[in-house]
Amino acid sequence: MKDSMWGAMVIMLGVLAISVIYFFQNVTNTDEQNYNLLKETTEAAMYDAFDLSRYRYDGTISIIEEKFIENFLRRFAENASLAHTYKIDIYDVNETPPKVSIKLSTADGTTTSNVGGAITTFNIVNRIDAILESRY
């Protein structure tokens, strides 16, 4: 009887360990994917919004705000996961010098995980402040 209890305990601990690993893997993958998508999309949208005519006229490096927002939202929508609902806050766009600040969060606690029969919902928030650099 004693050996069978040890066997049952080892199996229960194994199931618990696998569920905890699955939970943290889900959270980490979602956070990492959101951050990389946010970073790459912001950089590409800033390059797309670069004001080439102003640079040719007086050498000033700047971006066009409307073009940046349009390109950012289009690129993000093309690459975002359909399993989540996102809330995008673009709260600072400077045209000269080119700088943007963006906050990306999963809206309404859409990231869920089931651990031990309990469903947990939470928000993942990523923020980025990007500056368009140039070399002279």
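Helices (H or I, at least four residues) and strands (E, at least two) are taken here as DSSP runs, numbered from the N terminus. L13 lies in helix 1, and, with a relative accessible area of 48%, L13 is partly exposed, where buried means under 20% relative accessible area, exposed over 50% and partly exposed in between (1.4 Å probe, protein chains only). The model is a predicted one, in which local features need pLDDT of at least 70 and side-chain atom pairs count only at pLDDT 80 or more, whereas totals for chains, interfaces and linings use all residues. Residues are numbered from 1 along each chain as its sequence is written, and side-chain values use heavy atoms, with hydrogens and water left out.

The protein holds three helices and five strands, and from the N terminus on its elements follow the order α-α-α-β-β-β-β-β. Of its 136 residues, 30% count as buried. The accessible surface comes to about 9,300 Å², of which 56% belongs to carbon and sulfur atoms; such areas come from the Shrake-Rupley method with a 1.4 Å probe, and for residues only the protein chains shown count as cover. Among contacts (heavy atoms within 4.5 Å) with a separation of 6 or more, residues 24 or more positions apart account for 55%.

Three strands form an open sheet in the order 1-2-5, with antiparallel pairing, two strands being paired if DSSP finds at least two bridges between them. Strand 1 (86-94) and strand 5 (125-131) stand at the edges with a single partner strand each, so one side of each is left without a neighbour in the sheet. From one strand to the next the twist averages 10°. Helix 3 (residues 65-79) packs on the sheet, touching strand 1 and strand 2, and its direction makes about 155° with that of strand 1; axes are lines fitted to C-alpha atoms, for helices over the stretch in contact, and angles run from 0 to 180 degrees between N-to-C directions.

Strand 1 and strand 2 form a hairpin with four residues between them and are joined by eight bridges, with Y86 having T106 as its bridge partner in strand 2. Strand 2 (residues 99-106) is joined to strand 5 by seven bridges, and the partner of K99 in strand 5 is I131. S105, which lies in strand 2, is buried at a relative accessible area of 10%; leaving aside neighbours within four places in sequence, S105 is in contact with T85, Y86, K87, I124 and V125.

A search of the whole structure finds four salt bridges, each defined as a side-chain nitrogen of Lys or Arg within 4 Å of a carboxyl oxygen of Asp or Glu. One of them joins R75 to D48, with the closest N and O atoms 2.6 Å apart; R75 lies in helix 3 and D48 in helix 1, so the pair ties together parts that are 27 residues apart in sequence. R75 is partly exposed at 25% relative accessibility, and D48 is partly exposed at 28%. A further salt bridge is formed by K103 and D89 (3.8 Å, N to O), which links strand 2 and strand 1 across 14 residues. D92 and K99 also form a salt bridge, their closest N and O atoms being 2.7 Å apart, and both D92, at 25% relative accessible area, and K99, at 23%, are partly exposed.
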